[in-house]
Amino acid sequence: MFNALVVEKNDEGKTHAAVRQIDIDALPEGDVLVAVDYSTLNYKDGLCIGPGGGLVRNYPHVPGIDFAGTVEASQDPRYAPGDKVVLTGWRVGEVHWGGYAQKARVKADWLVPLPQSISTRDAMAVGTAGLTSMLAVMALQDHGLVPGAGPVLVTGAAGGVGSVAVALLAALGHEVAAVTGRPEQEDYLRSLGAAQIVARDSLTEVTRKPLEAETWAGCVDAVGGAMLGRVLKQMKYGSSVAAIGLAGGAAIEGALITPFILRGVNLLGIDSVMQPFENRKRAWARLAADLPMEKLHSMVQMATLGDLPGLGADILKGQVKGRVVVDVNA
Ligand code: NDP
């Protein structure tokens, strides 16, 4: 028996999350059994701990969209007991039981061997949020972003994806402008490397103008909605926005087509969930090389399985700062 955060649904359709003891036989099918060390809290986990938000298919459910740990048993020749592994995506924690448990059973194809220089704890300090930030930065670089091109905007900057994106871009020599709705987080964002703080309000007002002054050389956008519509009009000629999330909504308003036609702006959609193995491996190697670990540590708070119902509600309200690492054995 081992501990897991289990979300159950009652006859009235209400969900309830609590730490329970479960048996290994209850785990879903898979060819690798992993002893989980750490998982993390992401926006999607907040949805899955609560009513599911359309992500969870069956109850009872164990959320946790990412985890890092040690292989305990494997039917796949690529993995042997003792190997350190990390998992992000593949709808684990949504459709398949995830990392909020001391053990997880998954398909070997979904795992990535952990680079030797990263501990399982640091791998989860990075987590899905960090991997997504790296994929976004790689996409911007592939589309021509270089240091010195001008300020690079990060929206939702004090959140999980945003914090890693700020630290990563600053470490790569970019001038980072961090958008936040929490002015009290200015010192935190500057400590991660932000050169400029932009108030959320200044970018959420919808304007009828088809274009505004060319300001940003690139953007990692975790917010979407009205803010994305506004940011697109302020992008420099030929620059790119890597859109990763919609914490601020899905609907974009305004004269949207003009930045694409008159300024050749690229809107790059980033999805970390279904990334092929080679891309995930390359992104983890880049994270190990490029992300300053002292900055990573400064953005982390630790949590236990029992803390997750409360923290899950907080992240949906945009109230969580940086990254939450879950020690499933604490
Ligand atoms: P967080 O809650 O940690 O961060 C989101 C941040 O967005 C908040 O901290 C807040 O930052 C800002 N924000 C929240 N609500 C609003 C609002 N209404 N208007 C404007 N800004 C807002 O979440 P994550 O960083 O984990 O995830 C961010 C988004 O990215 C989510 O939509 C998530 O689903 C998505 N995502 C997508 C992935 C992919 O593969 N494409 C992978 C991981 C996440 P501040 O207080 O600084 O303004």
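**A loop and its surroundings**

A: Arg91 lies in the loop between E5 and E6, where helices (H or I, at least four residues) and strands (E, at least two) are DSSP runs, numbered from the N terminus. This is a predicted model, in which local features need pLDDT of at least 70 and side-chain atom pairs count only at pLDDT 80 or more, while totals for chains, interfaces and linings use all residues. Residues are numbered from 1 along each chain as its sequence is written, and side-chain values use heavy atoms, with hydrogens and water left out.

Let's stay with the backbone of this loop. Arg91 is not a glycine, yet its phi is positive, about 65°. Trp90 sits in the loop between strand E5 (84–88) and strand E6 (103–106). Trp90 also has a positive phi, near 60°, and is likewise a residue other than glycine.

How covered are these residues? Trp90 is partly exposed, with a relative accessible area of 22%, and Arg91 is partly exposed at 24%. Here buried means under 20% relative accessible area, exposed means over 50%, and partly exposed is in between (1.4 Å probe, protein chains only).

Now look at Gly93, which is also found in the loop between E5 and E6. Gly93 is buried, with a relative accessible area of 0%. Which residues does Gly93 touch, leaving aside its neighbours within four places in sequence? Gly93 is in contact (heavy atoms within 4.5 Å) with Cys48, His61, Val62, Pro63, Gly64, Ile65 and Gly98. For a sense of distance, the C-alpha atoms of Gly93 and Ala177 are separated by 33 Å, and these two residues are 84 apart along the chain.

Another loop deserves a glance here. Pro60 belongs to the loop between helix H1 (43–49) and strand E4 (66–74). The peptide bond that joins Tyr59 and Pro60 is cis, with omega about -5°.

Next come the strands. Strand E15 (residues 323–327) is mostly covered, as five of its five residues are buried. Arg323, Val325 and Asp327 are buried on one side of E15, and Val324 and Val326 are buried on the other, leaving both faces covered.

What lies beside E15? Strand E3 (residues 32–41) pairs with E15 in the antiparallel sense over four bridges; two strands pair if DSSP finds at least two bridges between them. Thr40 has Val325 of E15 as its bridge partner. Strand E14 (residues 300–303) runs parallel to E15, and four bridges join the two. Val326 in E15 has Ala303 opposite. From E14 the chain crosses through helix H10 (residues 308–316) to E15, and this β-α-β crossover is right-handed (with the strands pointing away from the viewer, the path from the first strand over the helix to the second runs clockwise).

Finally, turn to strand E11 (residues 216–221). Six of its six residues are buried, so E11 is largely enclosed by the rest of the structure. Strand E8 (residues 152–154) pairs with E11 in the parallel sense over three bridges, and Leu153 has Cys219 of E11 as its bridge partner. E11 also pairs in the parallel sense with strand E12 (residues 235–243), over five bridges, and there Cys219 stands opposite Val241. Together, E11, helix H6 (residues 225–232) and E12 make a right-handed β-α-β unit.
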